[in-house]
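Could you look through this structure with me?

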Amino acid sequence: MGNEKKDGILLETGTNEIEIMEFTINDNLYGINVAKVREIMLSDTVKPMPHVHPAVEGIFKPRDIVITVVDLPKYLTGRECTKGSKDLFIVTNFNKMFVAFRVHTVVGISRISWKDIHKPDNTISGGTDGVTTGIAQCDGNLVSILDFEKIVAEIAPQTSIQLSEVDALGKRERSTSPIWVAEDSILLTKMIQTALTRAGYENVTMFPNGSELWEALHQLKDCEDLTSRVALIITDLEMPQMDGHRLTKLIKTDPKFCSIPVVIFSSLITEEMRRKGKQVGADEQLSKPEIGHLIEILDELLKKSRDSQQGGTNQ
């Protein structure tokens with residue numbers, strides 16, 4: 001159980017490991033989570049599109065699907081870079097979208113622990129404007145892991161979390177149920193917190209990774225009334241130090257915490273990821289950016305949790 005073969009690499013669930021695909025742009029090393037990558041292709045002819053972000057080259061149709069191409073060298077440097085015949089397209093799939101990113105070379109794949117990925121400080125990441133989500137050491141080289149969700153959200157804001165989905169839910173009651181959220185993206189942290197607050201959830205605590213949330217939870221080991229401190233946990237999957245599968249597994253295998261509902265909210269909810277989330281005991285799994293659906297799920301799980309507690313006290 002929990003082990004799956006993929007291209008000869010053994011993938012286990014909840015081991016806090018990640019496969020990083022390393023690639024270069026102007027001889028600088030960057031990385032992307034292999035789980036986001038669908039295929040690597042030789043760069044192809046791209047049809048330009050009007051009125052798009054300057055870093056969008058246009059579209060191409062490799063087979064039966066039209067894919068947007070992002071000129072990653074241009075996005076990162078802010079200037080036109082020579083397009084070589086040996087450039088590659090990394091075709092990604094996340095947030096239920098296919099996007100191709102132009103890169104210069106692909107170096108290979110390294111399997112490392114999330115513990116070995118460090119959050120860059122503001123001088124490197126650029127704070128809220130930065131696109132480096134982590135710094136990893138792979139085979140002795142420092143690799144900048146890019147925040148591809150942020151890149152796409154900037155290029156096409158309509159593909160990211162939409163607060164209008166929250167407004168569409170209509171007038172809602174305020175709730176003081178304590179909700180904890182593990183999310184490493186600075187941009188998405190702000191958006192999720194704003195959306196939950198607007199939906200009436202006034203008691204939201206954000207953590208930059210699974211490790212910090214787990215440490216805070218561990219401090220409540222002797223707490224008599226755990227629900228008054230944390231009623232529900234939402235976690236991203238990709239995070240430095242500790243990923244969402246590992247966090248969920250730790251919570252769900254601990255007798256003290258296993259009754260806390262855990263919702264995985266990630267851009268990587270594929271069928272394979274869904275199976276893994278189930279194996280580690282997640283109560284629900286949702287794909288970003290479905291914030292309206294997330295709020296409905298929170299309402300449901302918290303009601304179920306309250307009902308079961310009342311049932312227990314009435315007996």
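1. A word on the ground rules. This is a predicted model, in which local features need pLDDT of at least 70 and side-chain atom pairs count only at pLDDT 80 or more, while totals for chains, interfaces and linings use all residues. Residues are numbered from 1 along each chain as its sequence is written, and side-chain values use heavy atoms, with hydrogens and water left out.

2. How many cavities of 30 Å³ or more does a search of the whole structure find? There are two. A cavity here is a set of points, on a 1 Å grid over the protein atoms alone, where a 1.4 Å probe fits but cannot get out; lining residues have an atom within 4 Å of a point. A volume is the space filled by probe spheres set on the points.

3. The largest cavity has a volume of about 190 Å³. It is lined by 20 residues, of which Lys36, Thr133, Leu146, Asp184 and Glu238 are the closest to its centre. The lining comprises ten nonpolar, four polar and six charged residues. (Ala, Val, Leu, Ile, Met, Phe, Trp, Tyr, Cys and Pro count as nonpolar, Asp, Glu, Lys and Arg as charged, and the others, Gly among them, as polar.) Elements that each supply at least two lining residues include strand S3 (17-25), strand S12 (132-138) and helix H3 (148-155). Helices (H or I, at least four residues) and strands (E, at least two) are DSSP runs, numbered from the N terminus.

4. The second largest cavity holds about 40 Å³ of space. Among the residues lining it are Asn95, Glu149, Ser160, Ile161 and Lys288.

5. Is threonine 92 buried or exposed? Its relative accessibility is 0%, so threonine 92 counts as buried (under 20% relative accessible area, with a 1.4 Å probe and protein chains only). Threonine 92 sits in strand S8 (residues 88-94). Setting aside residues up to four places away in sequence, threonine 92 touches Ile32, Lys36 and Phe101, among others; contact means heavy atoms within 4.5 Å.

6. Now the largest nonpolar core, which has 31 residues; Phe23, Leu72, Phe101, Phe148 and Ile151 touch the most other members. Such a core is a set of buried Ala, Val, Leu, Ile, Met, Phe, Trp, Tyr and Cys residues joined through side-chain atoms within 4.5 Å. H3 gives the most to this core, with four residues.

Key:
1 Å grid on protein atoms, 1.4 Å probe; cavity = no way out; pocket = protein on both sides within 12 Å on 5 of 7 lines; lining within 4 Å. Buried < 20%, exposed > 50% of the residue type's maximum accessible area, 1.4 Å probe, protein only.
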